[in-house]
Amino acid sequence: MKKESKLYVVIFTFVISFVFVFILALANELTKEKVKINEELFQRKAILSAMGIEFKTDKEAYKLFDEKVKVEKIKDIDVYKSNVNGEDVYAVVFVGNGLWSTIRGVLAVNKDLTRIIGIDFISQSETPGLGGRIEEAWFKGQFRFERIKDGKIKMIIGGTGKGDFNHENGEFEAITGATRTSEAVAAMLNKYLSILKNLLGGELR
Amino acid sequence: MSEYNKVLKENVWYNNPVFVQILGICSALAVTNNLTNTFIMTIAVSLVTAFSSLTVSIIKGLIPRKVRMIVQTLIIAFYVIIVDIILRAYLPGISKALGPYVGLIITNCIIMGRAEGFAQSNGPIISFWDGFTSGLGYLVVLMVVAFFRELLGFGTLFGYRVLPEGFMSWTIMLMAPSAFFMLAIFIWVAKGIMLRKEAK
């Protein structure tokens with residue numbers, strides 16, 4: 001068959017696409033389980049660190065989660081429950097739109113919803129080095145035991161650039177150069193704070 | 001062996017894909033505010049370029065001229081997705097940090113340029129080497145840009161603090177436009193050295 005004939009072109013394109021896509025599908029299938037375990041682990045680790053439960057290795061995190069955290073379905077939403085240092089802690093997984101993509105994370109609060117216990121992120125695809133910095137310890141540390149004022153948390157733009165660690169003012173600092181992502185996070189947190197208020201106020205108190 | 005040496009020198013210096021051919025600028029602007037991300041990204045680009053050049057070179061006798069660009073794109077996309085799958089399964093932390101940039105390697109012009117310009121008319125092993133060294137040329141430039149951006153923007157290198165705590169970080173260095181300035185300065189210096197050598 002001539003190399004430039006129409007039939008050859010069609011057959012060649014078909015065969016080569018088939019071969020490459022087949023290998024990709026195979027590779028995807030083979031690693032599926034592993035990826036799933038990784039995702040499950042990310043979620044468990046995020047819930048633990050949002051609640052302020054410390055762990056060192058991945059294995060320990062997996063075990064601690066089974067031991068300490070209980071899942072309860074309230075109005076079709078999974079609420080994670082635990083007791084940390086004698087205080088009841090509740091957490092939910094939140095989902096929302098970041099600047100580029102969906103951000104998933106965990107928000108943990110205390111029983112009477114006066115303080116955020118902590119937050120952590122499960123997955124995000126914000127710009128690495130800018131919006132992606134929401135994963136950094138200092139950013140998340142701003143929310144540790146932060147007081148909730150009027151059921152809300154407020155964002156400050158153009159602060160010191162090092163974070164707001166006054167945990168009584170109900171404020172946090174946006175990331176320099178990533179104001180939109182920080183805004184998105186604030187909106188998500190405030191939305192889920194009101195959802196949590198609804199959930200916990202309704203059945204737990 | 002001298003042929004391999006020549007390819008190395010061409011790709012890293014005399015015909016560097018970034019500062020001579022001005023290719024792959026898009027990612028040079030985006031990922032270079034952090035050394036760790038830059039390093040993993042450029043290594044991934046080097047491997048993808050090397051393997052897609054190798055593959056294109058091996059099957060070049062079978063590819064009809066009409067569809068060669070499409071086939072090259074297919075091969076490149078194939079390797080990029082393989083890299084993505086491997087990272088997600090075995091290095092989840094890094095996969096998380098790089099986020100969308102792994103997928104965007106497909107659009108890097110250097111890979112297509114090497115496949116079309118070199119692998120299409122050379123043997124497999126030298127094509128692999130050409131692809132890999134082109135990636136190295138890209139790595140060197142991006143690492144230099146990232147070094148200054150992370151140092152001045154965050155006061156850290158590879159995430160470790162090197163400048164004192166009181167250092168006022170330059171916010172502009174974290175934004176994409178600063179990479180334009182850094183790259184321009186880099187090209188200026190590199191070209192200056194090159195021209196001076198030629199004059200001698």
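This is a predicted model: local features need pLDDT of at least 70, side-chain atom pairs count only at pLDDT 80 or more; totals for chains, interfaces and linings use all residues.

Modeller: Residues are numbered from 1 along each chain as its sequence is written, chains are lettered from A and ligands numbered from 1 in the order in which they are written, and side-chain values use heavy atoms, with hydrogens and water left out.

Biologist: Why is A:Asn169 called buried?

Modeller: Buried means under 20% relative accessible area, exposed over 50%, and partly exposed in between (1.4 Å probe, protein chains only). A:Asn169 has a relative accessible area of 17%, so the label is buried.

Biologist: What makes the pair A:Asn169 and A:Asp164 a polar contact?

Modeller: A polar contact is a pair of N or O atoms within 3.5 Å; within protein, one must be able to donate a hydrogen and the other to accept it, and residues adjacent in sequence count only if both atoms are side-chain atoms. The side chains of A:Asn169 and A:Asp164 are joined at 3.3 Å, so the pair qualifies. A polar atom of the A:Asn169 side chain also lies 3.1 Å from the backbone nitrogen of A:Glu171.

Biologist: How do you know that strand 4 and strand 5 of chain A pair?

Modeller: Strands (E, at least two residues) are DSSP runs, numbered from the N terminus, and two of them pair if DSSP finds at least two bridges between them. Strand 4 (residues 102-110) and strand 5 of chain A run antiparallel with 6 bridges, so they pair. A:Gly105 stands opposite A:Phe121 of strand 5.

Notes. Helices (H or I, at least four residues) and strands (E, at least two) are DSSP runs, numbered from the N terminus.
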